[in-house]
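This briefing goes with the structure shown below. Please keep the sequence and the 3D view at hand while reading.

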Amino acid sequence: MRECIVIGGGPAGISAGIYLARKKIGFSIITENVGGQTLWSGDIENYVGYQYISGTELAGKFRAHLRDFSMDLKEGEKVYRVMHDRGTFTVTSDRGEYRTKTAIICTGSRARELNIPGEKDFRNKGVTYCATCDGPLFAGKNVAVIGGGNSGLDAALQMVRIAGKVYLVEQKQNLSADRTLVERILRERTCEIITNASVEEISGDRFVRGIRIRNTVGSRAERILNVEGVLVEIGAIPNSDLVDGVEKNEAGEIVVDCSVKTSIPGLFAAGDVTNVYKKQIIIACGEGAKAAMAVSEYLNLHK
Amino acid sequence: MEKKVKVYATATCPYCRMLKDFLDSNKIAYEDFNVGTDPARREEMIARSGQMGVPVTEIDGKIIIGFDREAIKQELGI
């Protein structure tokens with residue numbers, strides 16, 4: 001039986017792995033990829049130590065740091081289930097089953113969908129949830145970026161460099177992104193910012209040809225935007241389905257205390273999958289470090 | 001007989017990077033098209049795969065959408 005299994009290899013899982021390795025705790029990391037959502041981040045300008053670094057580059061540095069230690073890293077493996085039974089855990093993946101005394105859930109979150117007509121039909125036919133990946137395909141075309149948070153503005157700023165016209169559509173009255181990003185997008189002449197607007201439908205033929213939006217206040221007037229790309233950046237939902245019987249909040253996030261303990265003794269969670277205040281790479285790293293130290297303390301107490 | 005492999009990718013896409021790393025580590029030779037900068041290859045990819053998501057891999061005429069490790073392994077017989 002292992003002392004610990006870390007599920008997920010994003011910033012939280014990597015940081016937990018580094019701390020566990022230094023404590024010489026016998027553990028495995030099981031993850032689909034190393035880097036997690038950092039891989040999908042465009043430009044990163046708020047990670048301490050780097051004034052500017054791309055997401056892929058930072059993920060590469062995370063991997064290199066992790067590789068400095070000898071550990072059991074199971075990459076390309078997906079965990080389906082974490083079961084709890086009399087103080088131990090069984091972790092089931094697409095490759096096998098593992099037993100462990102403690103587990104750290106660092107499974108992060110995935111893109112939230114709009115849930116409107118046309119969205120499913122045109123997925124990958126103009127609708128994308130990864131501006132970093134698919135953005136360049138819309139070179140010279142008109143696109144709509146949905147969401148006025150940091151990821152939405154990142155996507156819009158990426159697209160104004162290569163697309164035709166860029167519409168930035170936000171449901172609320174204000175853009176919630178960092179002030180520096182908002183100031184930058186306001187300077188872009190090819191970007192039209194439409195606030196107080198909800199997306200009602202995505203339409204097209206074989207590919208997206210347009211979206212219908214509606215004013216959420218006052219007139220409730222509708223408008224058609226002729227776009228061939230719809231980049232959806234409206235937040236995330238936690239990947240917390242793999243574990244039952246643990247306390248979660250209304251958003252489905254695993255509830256943790258300030259030492260990242262969950263409601264189940266021996267089960268810890270870190271990063272975007274939890275109710276931690278704000279989802280940021282640097283915060284996930286800190287939470288992962290806390291998780292490893294909390295595991296160490298737990299193992300010492302339950303020898 | 002070596003199979004003819006084409007990869008349609010963008011420079012920024014992590015799945016494209018993972019796919020190419022996977023092919024490299026298995027010593028599979030492939031043609032690498034950047035559909036972000038090459039409009040003709042972009043149209044070719046969209047026409048052949050019927051969609052706009054990257055990466056797309058073509059192995060001896062068979063199209064595989066996304067980084068589908070198992071499908072690629074099976075098609076390459078590795």
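The model is a predicted one. Chain A is assigned domain 1 and domain 2, and chain B is represented here by B:Asp32, which lies in strand S2 of that chain.

**Domains of chain A**

- Domain 1 of chain A comprises residues 2–111 + 236–301, while domain 2 of chain A comprises residues 127–232.
- The centres of domain 1 and domain 2 of chain A, taken over C-alpha atoms, are separated by 32 Å.
- Contact between the two domains of chain A involves five residues of domain 1 and six residues of domain 2.
- On the side of domain 1 of chain A that touches domain 2, two residues are nonpolar, two are polar and one is charged.

- Strand S6 (residues 79–85) and strand S7 (residues 88–93) of chain A are paired antiparallel, with six bridges.
- A:Asp85 has A:Thr88 of S7(A) opposite it.
- Two residues sit between the strands S6(A) and S7(A) of the hairpin, in which A:Arg86 has a positive phi near 45°.

**B:Asp32**

- Strand S2 of chain B, which holds B:Asp32, spans residues 31–34.
- B:Asp32 counts as exposed because it has 12 C-beta neighbours inside 10 Å, and the cut-off for exposed is 12 or fewer.
- Leaving aside residues up to four places away in sequence, B:Asp32 touches B:Val7 and B:Ala9.
- From B:Asp32 to B:Glu2 the separation is 30 residues in sequence and 16 Å in space, C-alpha to C-alpha.

Technical notes: Residues numbered from 1 in each chain as written. Chains lettered and ligands numbered in written order. Predicted model: local features only at pLDDT ≥ 70, side-chain atom pairs only at ≥ 80, totals over all residues. Domains from an automatic or database assignment. Contact = placed C-beta atoms within 7 Å. Nonpolar A, V, L, I, M, F, W, Y, C, P; charged D, E, K, R; others polar. Helix = DSSP H or I, 4+ residues; strand = E, 2+ residues; numbered from the N terminus. Buried ≥ 20, exposed ≤ 12 C-beta atoms within 10 Å, placed from the backbone. Pairing = 2+ DSSP bridges.
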